[in-house]
Amino acid sequence: MDFLRLVPEDPAPGARALAGLRVGTACLLILQAVSTARDLPAFVGSRGIVQSPVRDVLVHDSVPRLAWLGDLERALGLSETQLVFAALGCYLLSLALMGLGWKARSMALVAWVLNLTLKASGASSAYGAHEFASIALFYCMVLPTDRTFALDVRPGRGEAGLSIALARWLLRGHLAIVYLSSGLAKASGDQWQDGEAVWRVVMRPDVSIADFSWLASASWLAAVMSVSVVGLEIAYAGLVWWRPAHPALLTAITALHLGIALTLNLWFFSGLMILLNWAALADLSRPVQLGFRGRRLLLSPPISTSAVALPFSTSKVIP
Amino acid sequence: MKRPLWIAAALVHLTLVGFGAAGKVPISEQTLLGRMVEIYRAYSGAGNGYGFFAPGVAAERRVLLHVFSGGRWLEIAESFDGTESSHRLLTTTGLFAQEQLRQSLAASWAARAFGAVADSSVVLVEVEVYLIPPMDEFLRGERPRWITESVFPFTRAAESGPAQEPDHGLPPARS
């Protein structure tokens with residue numbers, strides 16, 4: 001079984017996978033933060049939709065929040081709104097530097113703390129995307145995500161094979177627990193056994209991609225989809241440890257999350273899940289060639305003499 | 001020597017992730033070790049649960065604010081233009097499914113309304129839930145609809161000071 005092999009033959013693909021997690025997380029979280037920037041005071045401010053005394057019961061008392069900076073706010077003569085946007089600005093800057101790979105692990109630490117602070121301050125409105133954002137930033141900080149695709153990669157910096165292998169093994173373990181617990185929780189409910197769950201999801205008022213009312217006439221399809229989702233999530237926990245299953249597993253789980261994104265507009269949540277899965281499972285050991293207008297384009301990042309590998313295998317040349 | 005330590009740390013982390021997924025607390029927070037473990041779980045995300053739409057898909061909720069001001073009732077529906085902000089708002093309204101939070105949440109919304117409408121004296125926080133009929137009932141003619149789940153009345157305290165402008169202005173009220 002793969003989990004027993006903690007020293008890979010070539011750590012470079014693993015380094016690329018982890019770097020992809022860092023860069024992708026930075027890009028996603030920047031987009032997420034920018035998309036809600038204008039409304040942020042309503043979610044994290046002390047006079048927002050849900051005020052501090054109510055929000056505070058939703059989060060552990062040790063997690064930092066903007067209210068802790070009250071003294072700093074008064075000392076600097078800032079309004080609360082200005083403090084919120086100052087924190088947001090620092091968060092965006094740290095994410096950008098993390099993504100670019102300048103002192104990536106340190107910037108990940110800064111982004112992680114600010115993410116926790118903003119999430120705790122808006123605990124009443126934080127959902128799965130925010131939870132996985134914190135998890136992804138935690139892993140960007142503690143795992144070797146800066147070995148490649150980074151501004152300050154030094155030629156002499158080695159790629160510690162064991163640490164990268166263990167990192168990917170850890171990600172697989174975490175994702176296995178996530179999907180297994182999710183699948184078992186779904187399996188325990190009647191809705192996921194007879195298709196009602198899929199029906200209730202696609203009939204939500206915020207689903208605008210299409211009218212899915214026809215599904216009531218094809219309830220067998222809803223049942224098949226429901227059982228398939230549950231089956232995939234439970235099977236994930238076992239298949240994640242069997243390397244030959246990784247391409248199919250990665251394809252299936254990516255398709256699942258893309259479907260969630262398209263149907264429910266949960267783009268950031270789905271994006272983070274896809275990133276975590278690719279960091280854990282993608283085999284980036286094979287080079288790719290893309291053909292266009294008679295030319296072959298071999299993509300190669302400035303890391304080593306090896307070609308960059310993407311999980312596509314097309315090599316068609318267009319005459 | 002470093003390798004076994006890293007492996008041990010990873011195993012401990014995954015164990016805590018497992019406890020979080022199961023909704024269990026590994027060590028009572030009454031002890032110092034338990035307190036440290038809970039802080040680690042809160043910071044690292046290892047304490048999270050992963051019951052997405054499980055065991056069932058919860059009904060969607062929305063909040064309507066009815067504000068009595070200047071002798072007439074105004075109706076305010078909080079909304080945001082962006083998809084992500086709308087998701088955050090949905091998450092907030094979804095908290096009304098937790099009975100122990102309903103009164104406090106409603107009070108928060110009411111406080112926001114009192115702040116937005118300076119001369120308001122009464123605010124009714126109406127929570128609506130979107131009921132989706134099962135597929136067989138849908139085929140028999142039943143249709144999804146919003147229904148009122150609960151209404152929370154609030155009045156402005158006589159000794160309260162002047163209303164403060166909320167950080168994010170509520171959308172325009174309609175009478």
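Modeller: Helices here are DSSP runs of H or I with at least four residues, strands are runs of E with at least two, and both are numbered from the N terminus. The model is predicted. In chain B, the loop to examine runs between helix 2 (32-44) and strand 1 (61-69), and Pro55(B) has its place there. The peptide bond leading from Ala54(B) into Pro55(B) is cis, its omega being near 0 degrees. Phe53(B) lies in the loop between helix 2 and strand 1 of chain B. This phenylalanine, Phe53(B), is not a glycine, yet its phi is positive, at about 50 degrees. Most residues other than glycine have a negative phi, and most peptide bonds are trans. Because its relative accessibility is 29%, Phe53(B) counts as partly exposed.

Phe149(A), although not a glycine, has a positive phi of about 50 degrees. Its location is the loop that joins helix 7 (128-142) to helix 8 (161-187) of chain A. Phe149(A) has a relative accessibility of 33% and therefore counts as partly exposed.

As for the packing, buried means under 20% relative accessible area. The largest nonpolar core comprises 127 residues, and Tyr91(A), Phe132(A), Leu171(A) and Val125(B) are those with the most contacts inside it. Leaving aside residues up to four places away in sequence, Tyr91(A) touches Leu29(A), Ala33(A), Ala111(A), Leu114(A), Asn115(A), Leu118(A) and Leu137(A).

Conventions: Residues numbered from 1 in each chain as written. Chains lettered and ligands numbered in written order. Predicted model: local features only at pLDDT ≥ 70, side-chain atom pairs only at ≥ 80, totals over all residues. Heavy atoms only, no water. Buried < 20%, exposed > 50% of the residue type's maximum accessible area, 1.4 Å probe, protein only. Core = buried A, V, L, I, M, F, W, Y, C linked by side-chain atoms within 4.5 Å. Contact = heavy atoms within 4.5 Å.
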